[in-house]
Structures are given as C-alpha cells and as structure tokens.
Amino acid sequence: MNQDLSAPAPHAAVDASRHLIGLQEMPRARMEALLDRAQHFADGHDERRALAGVAVCTLFFEPSTRTRLSFQLAAQRLGADVLSFDASTSSTSKGETACDTLKTIEAMGVRGFIVRHKDDGAVAGLAAEAGEGTCLINAGDGRSAHPTQGLLDMLTLRQAKGADFSRLKVLIVGDVKHSRVARSDLHALRTLGTGEGRSIEIRVCGPQALLPDDDTLHGCAVSQDFDAALEGVDAVMMLRLQRERMEDGLVASLEDYHRDYGLTLARLARADADAVVLHPGPMNRGVEITDAVADGPQSLVLRQVANGVAVRMAVLESLLKG
Amino acid sequence: MNQDLSAPAPHAAVDASRHLIGLQEMPRARMEALLDRAQHFADGHDERRALAGVAVCTLFFEPSTRTRLSFQLAAQRLGADVLSFDASTSSTSKGETACDTLKTIEAMGVRGFIVRHKDDGAVAGLAAEAGEGTCLINAGDGRSAHPTQGLLDMLTLRQAKGADFSRLKVLIVGDVKHSRVARSDLHALRTLGTGEGRSIEIRVCGPQALLPDDDTLHGCAVSQDFDAALEGVDAVMMLRLQRERMEDGLVASLEDYHRDYGLTLARLARADADAVVLHPGPMNRGVEITDAVADGPQSLVLRQVANGVAVRMAVLESLLKG
Amino acid sequence: MNQDLSAPAPHAAVDASRHLIGLQEMPRARMEALLDRAQHFADGHDERRALAGVAVCTLFFEPSTRTRLSFQLAAQRLGADVLSFDASTSSTSKGETACDTLKTIEAMGVRGFIVRHKDDGAVAGLAAEAGEGTCLINAGDGRSAHPTQGLLDMLTLRQAKGADFSRLKVLIVGDVKHSRVARSDLHALRTLGTGEGRSIEIRVCGPQALLPDDDTLHGCAVSQDFDAALEGVDAVMMLRLQRERMEDGLVASLEDYHRDYGLTLARLARADADAVVLHPGPMNRGVEITDAVADGPQSLVLRQVANGVAVRMAVLESLLKG
C-alpha cells in the first residue's frame, strides 16, 4: 500500500467534486465560487450550523501544526466536531497502512478528512479508497499540491489587485522544484489569469538546481537573475527555503542564497510601487526575506494566514454540507 | 501506589454500577440493555444534550489513538466536553502517581474518565480511589479486560447472527494469553450464550505458548489445529499478534505463525458458509489474516469499528447522564 | 527575538487591562473582583454563551499538561473554541520565532492566548507585540510569575480564612528562589493583606541556597528553621522541589531536604490548630510533604485545583468577553 501511494496517483479515479486533491483540474467557475464564499467568511461571518453533527479529522502523516490549527478553526466555525490524528507520531499505527487508518476512522463516522502526506499522490490514492460520502482534502502531499494554500494565495491577490488577474505580472521566487505551494499557485494563476484576450505574466526565479526540469513551468519566464525578474511586477510570491537543501548540496549556504535570492527593501524597489509580497510561512527571516520586507507595508503574509481559515471554511462547507 | 496498581485489584471495592471495569460481573440484563441502546446509536441517532456540560477525559497511561478517537467521537455525539491527557508522553507527570493525576483532573470538575493502563487491575485500583460522582471506564488494562471492545464484538455478532447466542459456535484464534480483548469476549459470550437449555460452543485455538494456563478457558474447546477448529463455526474472532511475542521467543517467526494460524480464504471455507470474521484491529495483514479475508464479504472488521462508537455512547450515557 | 524575550520585559509597554502578565501591578479592587467572580464559578455556575464564537489557544513553549487542562476546561465552560499549540514539541516551528508563531495564530482569528514560557519576561514581551484586541494570559514564565496560580491560592485562602487577610500569618516554604508561584503569591498576599492599620505577617522558610537575594522577600520574616517558622501560622504554602536543584548542587539530597523542610504531621502540629496547607502540585510525596499531610484534613491541595478552573474562567471572561 505504502509503495502504491508514493507512485503518481490515478487522478482520473478520484471524483473531483467530492474531494479536493489539487487545483489542476478545478474549473474556473468553481474556483471563483470558492473564493467568493471565502471572502464572505473572511469578512467575519460564521456558519455555526453548517456542519453541525458532522465529524472531520485531520490525518497528518507529516506534521504541520500551523495548517492543522487553520483547518481546526475553520471546522469549528462551521460547527463541526473536530478530531486530530497525528500519524507521524502515533505509536498506534503499529505498522497499519495509511489506507487502513483512513478506513478505520471513516468507519467511526468521520465524513471529512484533512490529509497531509510526504508522498506525491498519497492523498489521491487514499481518496480512491474512501467510501461514498467521505471527502478528502489535500493539506499538502509531497511536492505535488497544497490546494488550499493555492486558493488562499489567490484570495489574497484578489483582495489586493482585483479579480482580473490577466493584467498582472507575478513573480514566484525560490525552490519551485520541491514546492507543492508553487505548483498549486501556478495552476490557480493560469486558471484565473486569462481574460479578454490577455494573459497573466508569470515569472519564475531561483537557482537552477531548485527549478523543476519538467513541464511545471511551461509558459513561465524563467530566470536566475532576481533583480531583473523583479522589474515592474505586481506581486512577489516568495517560497520557503528548506534547510535540507543545504544538506542535499543544492544550495551552497544560507548566506549565498540570501545574497542571490533574498528579498530586501532595495530589491523590492524594482517591483511596481504597489507590488505586494506573499510568503506561505514559516519564514526564514534573513534568508529568503528580510525583516523589513516581511513586516513592511507591502507584506501580505498575515493576510494570507487570515485568508487561510476563510478558504478552508469555504472548502469544508462546499464538500461536506448537506 | 504504582506497585499496588499492578497487583490484582479488589474488584469487590468497586461499585460496578458506577464504573465499567470489566464484563465478568455484568448481569445479562444490563449487558443486553447496553447493546439495545448501542444499536439505537448505531442506527444514527445522536443525543447532543445527554451530556451537555459534563466533562470527560481520556486518561491513557498507554497510547492508543484508535480507541481514544472512538471514545472522543462518542462523547462528542453526546454533547460532552472532551479532554485528553496522554500520560504516556506527558512530561508534566513528573513522577506524580497515577492516582494523584486522576484526583487532580477530577478536582477540576471532570466526571468521566476513560482510562487505559498497561498494568492488570490498574483501572479498578484507580476507581477505588475516585470520588463519589466520578465514573471510570476501562479502555484496556494489561491483559485483564477491554470491556467496550467485548461489548462492541457482541453487538457486531448480534447484528450478524441474531440475539440468541446459545446456538452459535464461535472460535477465538491467536494470542489469548496476552489478550484483554479475548478475556472480555469470553466473559460476554458466556453471559449471553446460554438460553433454553442450550449453551454457546466456544472454541479457542492458538499455539500452546500463547494460551493461558489458568481458568480463563474453562468450558472452551481448546486446540492447536486451526483447520479442525474452524469446522462449522459461525464466527471467527481473530486476535492481533503482537510483534513482541517474537522477541519473547513465544513465536518462531511471522511466517510460521501465518502458516499455522493465519486466516486465509481457503481455511475460512471450513467454517459455516455464513460465518463472519472479526478482528479488533489494527490488523497484521499477511500474518494473522490475509487481505482477501480482511477485505472480503465475511469480514465485519469495519462494522466492529462503527459499533465501537455506538457502544461507547451507550456506556458513557448510562454512567454519566443525569 | 528569542534573545529579547529572555531579557526582563518592559512591563510599562503592556496594557495591564488587556493582558494578565503578573500580579505585581494589579489593583486590589480588580483582584477582589476577579476572586468574587471566581467564587461564583466555583459555586458551579457556567456561562456557556460568554465566549461563544471566541477562539482561544494554549501556546506552551514549556510543557504543562495540568495547567493546560485547567485552562481548557475553563474556556469550554465559557463556550469558547479552544485550540492547543504545543510549541515545546512542535516540529513545525522550524526555527520560527515565538513572536511569529503568536502573530500567525493571531492572524487566524484567535483572540486569547494562554502562554507558558521558560524565560522570564517572555509573555510580557509577546504581549507587547500582540495586535489590538488580542489578550495574553501568562500561564507561567521563567521564575517570574504565574498569576492565575497566585489568584487561585488567594481564593483558596479566602474560602478557608475569610476575606480579611490582614490578621493572617502565612508561611511559604521551599525553593522560593526559582518559584514563579511564590512570587505571584507574595504579590497577591501583600495586595490583599493590609487593612484597618494591620498587615499580614508573611514568613518565608527554606535553605539559604534556595532563597532569593534580591528584594523579592522584602517585608517577610525569613528563616532557615522550619519548626520555628511554623509556630502559630494560619496557612502553610509549600513549594515543589524541582529535581534539578540536586543536579545544580543547591540541595544535597532528597533525604536531607525532607529532614529539614518536609512537612510532616508532627511539624504541622506547631501551626495554628486550624492551619491549612497548600501546594501548587504536582507534589513530591515523601520529599516536601508526607502522605499524611497531603491527604489529611488540613490539606487544601485538591481545593486549589478546583479553584484553578474557576479563577481561569473569571480571568478569561474578564479579558475576552464583549
């Protein structure tokens, strides 16, 4: 089972209207409806009866307290019963397969699962095994997808720049190769970024060793020159540098990375005067981003976090209500 | 204190109507009333006001995420406030005795405790120390008892085979010696298995080293020949093989165990054509049970899990309501 | 950031009406109002609508299951949504500063934080960074303060000895030097202990190496002679002996400590006949206190635990309601 899960999953087998596995196949109308509803929740509305009596469980095979808390708050504001299963530390898994764990908790009456897994395609694989009436939400799998992060980034961009993304220049910076956030952002930007004959301009910048060599970046303007790539952009989407890239030998040192790809106020001045800065967190302050930028007026980092709860409410409600 | 807890507990000191320590002394009428009520909950009914304002706490001195989740869901569906104390990892216990931990949380206003402990009799020992108005539910202690597992197994059998157990042939297979599940099942089967002059036929099968040498098996037909023991039975209750039995030298290898005591489709064909298969989970697939049996039409494994929540609702309501 | 937090915090920068950092600056009227309200909750009243829709989060950078459970129960009885972030074990902190963790969860919509930290002044430092509308409650920082413990000790004393503390003789025993509990108790006793020209008599007793050499004990009668210090006191407030004091070489052995500063029934007989005994728990039975005292009729240890929930309800309601 575990071997099967690490292989790319047969997405076709998964009902995209029942689960949220990725943003690649999500129609634009559905994405915009989710963002509209999320904006309603971001405006402070609760729906305490929406999921009353519905049990949801965070099922994390890879730890992430921030994402777990965000989903828990979202589920609570919808009135759901919320459970947590930390499969990364549970000594009860006792060699049980991920699928048996899912089916066991499902049998207890849990209808919604928020799943994080270190393997690409693992959540789709589990969704294919889930019973009817069960919904899975991918809270991040391998380097594949983190769809609620993608949606919250879109909501944040929309609040700052309006709903027409086709006029925007957006720059994604850093370790795109290993980033599920970048992949989900790219899918969403492409989906929302066309209109009236125009198309969003997506630039990608990072060290060659941290850029994907498959078709992930098709249509993007790729560069290793951060200063040049910043010229005139409307939004800079920074990625977190994982420390293990140093161990992998893909990055020489944090100092080198900061010199070449760290976002400073001086660099940010090259972007459009109204440019906004996003980061999925947690930030490596002084590495990919300086304090002055992270805490500055152009930073939307905390707005992203706030929007995360709203987007997850919209997703949970959409999949589990009624 | 800890020494006292590991000794057999003075059951007589514990009020069986206030706590659920084991099934040995439970009268048949009470057992059937609990199963009737559990069936009501299994049919999908909630009682969100039954335990409103009542706080219950899972107090696990030995980890078990599955059992904890099942009790949490049960308590939530009854409207209780649910807390969790993982005494197996808590660094706050700081040498505190189990009894002090219990009495401290009790003083906070918690009325129901769901207790798991590695030592035989530990839960009865704690119940004897608990204040009036406090209820303890044994969620598994040592090799002694796991009463809610016993009850959920009975509910599952009853759904499959009807309420008259006196006509049944039931086979329990595996490491009965170290199994609290088997002990609780044996008590419940004997309690429910007599009627109209007939008596249930209980067979037990497993390697000699894993069978108890006390009076646990009185009245059972004991055998080391799995194939023969399966002949014509109505239900096969498989037990989990703990990996530490290999380290203890009680089992030569997983392969040997599977060859002699693994339930395969071929073996299951010796049972009655309508025979059902139970397993308390988590399953060692390929060891005591094959995938084909575990996931086959005769398997009630997931039904057991579902019934677990219903049975725990019935127990919590019975002890804590009003 | 972490360095800043370990320095003494600029208390002046923190709005004492919005947060609860310590008891040093709390006016007597506010302290008494909190105790009055806590008594109401201790009498068994809930306010399930008081914090409906309000999210609070325990944010513990140092583990403490007892204190966390007490705050969780208090928040549940006020109807709040309760989250838990165990920063001491979270692998997601990933080098994130305590301040970024706070601001991230704050951005999710959490309004109340119950914070424990090993560094003096850490909670005040975080409170200074928190946004408007966010309340921090210090659940213990370094050796500085544990204000809800101080308040629950006062409520317990008041129930036993009446509201006029000015006539009392109170003895604090043990490792005052490293105790945040003792510091909060001292502030509260001084605040509540004056009236009608009289003043409470506070005695402090412990080995010289465990007594503070700053102005913590100003106005207290300090002694190394436990037997003499006990003469005629109305209340004995025992402190927990941390095992690491032996490693630090500040205490020779548990046996020595028990001989000199362990509270036995024989010693307690020197106190007033109606004297009461308090201990913040968890107790080292046989070290600073014997079983006979801990479980005897003069012990208020479990009453303290019960009052802890009531005091925390009063504090949470006061800071977060409306």
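Modeller: A salt bridge is here a side-chain nitrogen of Lys or Arg within 4 Å of a carboxyl oxygen of Asp or Glu. This is a predicted model: local features need pLDDT of at least 70, side-chain atom pairs count only at pLDDT 80 or more, and totals for chains, interfaces and linings use all residues. Side-chain values use heavy atoms, with hydrogens and water left out.

Biologist: How many salt bridges are there between chain A and chain C?

Modeller: The count is 3. In one salt bridge, the side chain of R48(A) meets that of D81(C) at 2.8 Å, N to O.

Biologist: Which helix supplies the largest share of the side of chain A that touches chain C?

Modeller: That is α3(A), with 8 residues; helices are DSSP runs of H or I of at least four residues, and strands are runs of E of at least two, numbered from the N terminus.

Biologist: And how much area do chain A and chain C bury between them?

Modeller: About 1800 Å², 60% of it on carbon and sulfur atoms; buried area is the accessible area (1.4 Å probe) that two parts lose on being put together, summed over both. On the side of chain A, R66(A), L69(A) and L73(A) lose the most area to chain C, together 29% of what that side buries.

Biologist: Changing topic, what is the strand order in the open sheet of chain A?

Modeller: The order of the 4 strands is β2-β1-β3-β4, with parallel pairing; two strands pair if DSSP finds at least two bridges between them. The edge strands, β2 (81–86) and β4 (135–141) of chain A, each pair on one side only.

Definitions and conventions. Residues are numbered from 1 along each chain as its sequence is written. Chains are lettered from A and ligands numbered from 1 in the order in which they are written.
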